[in-house]
Amino acid sequence: MERRFRIFRYIIYSTELLVLFVIQGIPNFIPELFGGKPSLIIPVVLTISMFEPKLTALWFGLAGGLLTDISNGGVIGFFAIIMTLCCYFISYLTSELIRTRLSVAMAISFIVVAMALSLHFLFFYVMCGYGNNGYFFVSHYLSRILYTVALTPIAYYVNKVLALRVSL
């Protein structure tokens, strides 16, 4: 009985990721704030990993990372590697060391999103030799980081309800 609910929950998570991927790809559907658009997929996979076992978190991190790579139009595998490792680590932390709360989800989301997007900026902007690094980071990446983290409470509560209610 538990296996059936778990598979149903994974189907719902997968549908959630695909719907957000499509919504994120619609031009001008999500408003830009201060020069940046959020990544809808990253907070979802981070919060899924807070409620699921390590292996499941790893696979959803990989799927979310690949969808983020595709939506960014850059190198395939950059976000996939980062999100896979982060989701596995988050699942380990929340299953062994820390409790899942909104404040923890916000802190984890801020750390992971800031790290992932800062690394993206470093590898794909700074190392390519473009100028005005500080201005570009503040005007595009900083707003994207804050906008993405601001969407974490919605993802947290949706996935918390799915994890707790669909497993009964």
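Start by selecting Asn-28, in the loop between α1 and α2 (41-51); helices here are DSSP runs of H or I with at least four residues, numbered from the N terminus. Check its backbone: phi of Asn-28 is near 60°, a positive value in a residue other than glycine. Most residues other than glycine have a negative phi. Is Asn-28 buried or exposed? At 71% relative accessibility, Asn-28 counts as exposed, since the scale calls a residue buried under 20%, exposed over 50% and partly exposed in between (1.4 Å probe, protein chains only).

A word on what you are looking at: this is a predicted model, where local features need pLDDT of at least 70 and side-chain atom pairs count only at pLDDT 80 or more, while totals for chains, interfaces and linings use all residues. Residues are numbered from 1 along each chain as its sequence is written, and side-chain values use heavy atoms, with hydrogens and water left out.

Next, select Phe-110, Ile-111, Val-138, Leu-142 and Leu-146, which make a nonpolar surface patch of about 470 Å². (Patch residues have over 30% relative accessible area and no salt bridge, with nonpolar side chains joined within 5 Å; a salt bridge is a Lys or Arg side-chain nitrogen within 4 Å of an Asp or Glu carboxyl oxygen.) Two elements, α5 and α6 (133-150), each give two or more residues to this patch, and α6 gives the most, with 3. Zoom in on Ile-111 in helix α5: it is exposed, with a relative accessible area of 58%.

Now show the largest pocket, with about 390 Å³ of space. Of its 19 lining residues, pick Lys-37, Pro-38, Ser-71, Asn-72 and Arg-144, the closest to its centre. (On a 1 Å grid, a pocket is an open set of points with protein on both sides within 12 Å along at least five of seven lines; a cavity is a set where a 1.4 Å probe fits but cannot get out; lining residues have an atom within 4 Å of a point.) Colour α1 (2-25), α3, α5 and α6 to see the elements that give two or more residues to the lining. The pocket lining divides into 5 nonpolar, 11 polar and 3 charged residues.

Helices α3 (54-72), α4 (78-96) and α5 (102-126) each supply at least two of the lining residues.

Note on methods
Patch = residues over 30% accessible without salt bridge, like charges linked within 9 Å, V, L, I, M, F, W, Y side chains within 5 Å. Areas by Shrake-Rupley, 256 points an atom, 1.4 Å probe, with all protein chains shown as cover. Points joined across faces, edges and corners; volume = space filled by probe spheres on them. Nonpolar A, V, L, I, M, F, W, Y, C, P; charged D, E, K, R; others polar.
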